Amino acid sequence: MIDEIFKTIDVIEIDDKIGKLAGNFIAEYRISHKIELGDALIASSASIHKMKLWTFNIKHYPMLEKSEFV
């Protein structure tokens, strides 16, 4: 069953563009919002691929506009 679920998920590989943007997010928001690597990578991936982010923790993503959330 779990294999069937994973077959429906698109995988986004972390490339240098995503990594650099994540690094910029960390540099800008690490102290003020305690942003960590995982959240920065998720935000940069969503932003670069123009995807909406589903989360209950909007406060973890100050780098995204409200329109970038579902």
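I began with K50, which sits in the segment after α3. Helices here are DSSP runs of H or I with at least four residues, strands are runs of E with at least two, and both are numbered from the N terminus. K50 counts as exposed because its relative accessibility is 75%. For that I used these cut-offs: buried is under 20% relative accessible area, exposed is over 50%, and partly exposed is in between, with a 1.4 Å probe and protein chains only. I also looked up the backbone of K50: phi is positive, about 50 degrees, although K50 is not a glycine.

I noted the ground rules next. This is a predicted model, in which local features need pLDDT of at least 70, side-chain atom pairs count only at pLDDT 80 or more, and totals for chains, interfaces and linings use all residues. Residues are numbered from 1 along each chain as its sequence is written, and side-chain values use heavy atoms, with hydrogens and water left out.

**The whole chain**

I counted three helices and zero strands in the protein chain. Read from the N terminus, the order is α-α-α. The C-alpha trace spans about 40 × 25 × 20 Å along its principal axes. The chain has 70 residues, and 27% of them count as buried. I then checked contacts, meaning heavy atoms within 4.5 Å. Among those between residues at least 6 apart in sequence, 33% join residues at least 24 apart.

**The loop between α2 and α3**

I looked at two residues here. K34 lies in this loop. Its phi is near 55 degrees, a positive value in a residue other than glycine. K34 is exposed, because its relative accessible area is 67%.

I35 lies in the loop between α2 and α3 too. Is I35 buried or exposed? I35 counts as buried, because its relative accessibility is 4%. I listed what I35 touches, not counting residues up to four places away in sequence: Y29, R30, A40, H60, P62 and M63. I took one of these pairs further. I35 and P62 are 27 residues apart in sequence, and their C-alpha atoms are 9.0 Å apart in space.

**Serines of α3**

S44 is found in helix α3, residues 37-48. S44 counts as buried because its relative accessibility is 0%. Which backbone oxygen does the side chain of S44 reach? The oxygen is that of I18, at 3.1 Å. I treat this as a polar contact: a pair of N or O atoms within 3.5 Å, where, within protein, one must be able to donate a hydrogen and the other to accept it, and residues adjacent in sequence count only if both atoms are side-chain atoms. Setting aside neighbours within four places in sequence, I found S44 in contact with I18, L21, A22 and F25.

S45 is in helix α3 as well. S45 is buried, because its relative accessible area is 12%. Its side chain reaches the backbone oxygen of L41 at 2.8 Å.

S47 also has its place in helix α3. S47 counts as partly exposed because its relative accessibility is 22%. I found S47 in contact with L21, L64 and E68, leaving aside neighbours within four places in sequence. I checked S47 against I31 too: they are 16 residues apart along the chain, and their C-alpha atoms are separated by 21 Å.

**The nonpolar core**

I searched for nonpolar cores, which are sets of buried Ala, Val, Leu, Ile, Met, Phe, Trp, Tyr and Cys residues joined through side-chain atoms within 4.5 Å. The largest has 14 residues, and A40, A43, Y61, M63 and L64 touch the most other members. The elements that give two or more residues to this core are α2 (16-33) and α3. The largest share, five residues, comes from α2. I followed up L64: leaving aside neighbours within four places in sequence, L64 is in contact with A43, S47, L53 and F69. As background, nonpolar side chains tend to be buried together in soluble globular proteins.
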